[in-house]
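Subject: Handing over a structure

Hi there,

Here is the structure I promised to pass on. Have a look at it first, and then read my notes below.

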Amino acid sequence: MKACIMCGGTGTRLRPLTFKHPKPSIPILNKPSVRHLIEHLSREGFNEIVITLGYMGERIEEQLGDGHIFGVHIDYVYEKEKMGTAGGVKNAEQYLKNEPFIVLGGDHVLNLDLREMYRFHEANDAIVTMGLLSIDDPREFGIADMDINNRIHRFLEKPKSGQIFSNLASTGIYICSPEVFDWIPENKKYDFAKDLFPAMLAADEKINGVLVRGKWTDVGSSAAYRQAQRWMLDALPGTTIEGNFTTRNARIRGPLSIGNNVCIGSNSSLVGPIVIGENTIIGDNVLIGPYSVIGANCTIEDNARILSSYLFDGVFIGKGSNISGAVVADETIIGEKCSIENGTVIGHRTTIGSHSTVHSGVKIWPEVVIDKNSSIKETVVNSGYDTAQEGS
Ligand SMILES: CC(=O)N[C@H]1[C@@H](OP(=O)(O)O)O[C@H](CO)[C@@H](O)[C@@H]1O
């Protein structure tokens, strides 16, 4: 079975993380998130995959290669300019024109039964079948109204508060028959949700919906990102303690997945679920609490506390610092006795001087240097980076 993964977006809402990683490459359990998606597709029998690329596309191609390590074959199609979601898929038509195919976003994290959705599509006669999920507040999504025979009669993209006629949100996962290409104009920016579905419904063309069960999120915001990592940490097997590490009397409670050559100092306490990448060094009296992911080549010095936080590769945490509910991108240095509070997102290669506090929810852009003893209450940007807020 064939799949098309849309990986062209700029990921502006996930800044500052997306200055270093395109959205599908942001690490989840220390692996680019799209790898988890491809592993799932492979398990479900979708082994011919085409990926549409735009922003930092080469990074994604480098990380995934031809797909053989996942048991799939991957082709890549680059968008020269932004073509919209349907326009991007149209660009990949040569790989998709012979049989129904599934379309997903490169930032989707899920454990859904996609095969069931595909079978439903094959057994029914719509050109498009949309995966729908019941969501309490669907304002961030497209919403659909569906009859008892699964036919969608109304669709509205990003409804405002007074316009919510249904709680069925589009997951942005579509099964399409090749006839869909007749509906998408060539060389024109064209979107599934904004252009194609309204055009099909106006022409009384059938679109089906299918309710999906299980876990699904798109990693569109840092809150969704944290949620996605939590799910994946919850899915770590039982009390496993994997990996080859050395320790002097640390107290360790799984589930825990540890890379090779990790070194844990004395009297430290690790309470899973936790994932730690290879070559990371953890000092004495360190507490690493549940729902933390620590990248490869990190250093956590003595007496630090890391709680429900995600540190990317090469991060340094100084003595006695307290990191709680934060995301810290690659190679950032946090000095001694800092406090990094809940919801903070710190870009790559930033330096936070010792004895500083970064208050709850603050974002700090890459390569910023914060003085010692600072108290940061608002976003700190780096004017060397593009500050325009467009795209998704
Ligand atoms: C224009 C467009 O494609 N909108 C889609 C898409 O929204 P984004 O905000 O563009 O990610 O994905 C949503 C699911 O993540 C889906 O509900 C919505 O209809």
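**What I found**

Let's start at N30, which sits in the loop between β2 (27-28) and β3 (31-32); helices (H or I, at least four residues) and strands (E, at least two) are DSSP runs, numbered from the N terminus. This residue, which is not a glycine, has a positive phi, near 65°. Most residues other than glycine have a negative phi, and most peptide bonds are trans.

Before going further, please note that this is a predicted model, in which local features need pLDDT of at least 70 and side-chain atom pairs count only at pLDDT 80 or more, while totals for chains, interfaces and linings use all residues. Residues are numbered from 1 along each chain as its sequence is written, and side-chain values use heavy atoms, with hydrogens and water left out.

Two peptide bonds also deserve a look. The one from G254 to P255 is cis, with omega near 0°, and P255 is in the loop between β16 (251-253) and β17. G272 and P273 are joined by a cis peptide bond as well, with omega about 10°; P273 belongs to the loop between β19 (269-271) and β20 (274-276).

Next, the ligand. Around it are F141, G142, E157, K158, S170, T171, G172, D191, A193, W216 and D218, where a residue counts as near if one of its heavy atoms lies within 4 Å. By class, this shell has three nonpolar, four polar and four charged residues (Ala, Val, Leu, Ile, Met, Phe, Trp, Tyr, Cys and Pro count as nonpolar, Asp, Glu, Lys and Arg as charged, and the others, Gly among them, as polar).

Which side chains make polar contacts (pairs of N or O atoms within 3.5 Å) with the ligand? Among them is E157, with a side-chain N or O atom 2.6 Å from a ligand oxygen. For K158, a polar side-chain atom is 2.8 Å from an oxygen of the ligand, and for D218 the distance from such an atom to a ligand oxygen is 2.9 Å. On its own the ligand has 430 Å² of accessible area, and the protein covers 86% of that (Shrake-Rupley method, 1.4 Å probe). β11 (168-176) and β13 (216-218) are the elements that give two or more residues to the shell, and β11 provides the largest share, three residues.

There is also the second largest pocket. It is lined by 25 residues, of which L29, H36, M232, A235 and L236 lie nearest its centre. (On a 1 Å grid over the protein atoms alone, a pocket is an open set of points where a 1.4 Å probe fits, with protein on both sides within 12 Å along at least five of seven lines; lining residues have an atom within 4 Å of a point.) The lining has twelve nonpolar, seven polar and six charged residues, and α1 gives the most to it, with five residues.

Finally, the UniProt record, an unreviewed entry, lists "domain: Nucleotidyl transferase" for residues 2-230; such annotations may be inferred rather than shown by experiment. That span is 27% helix and 28% strand. UniProt also lists "domain: EIF2B subunit epsilon/gamma LbH" for residues 260-357, again in an unreviewed entry, and over those residues the chain is 0% helix and 40% strand.

Enjoy exploring!

Notes. Polar contact = N/O pair within 3.5 Å; in protein donor to acceptor, adjacent residues only side chain to side chain.
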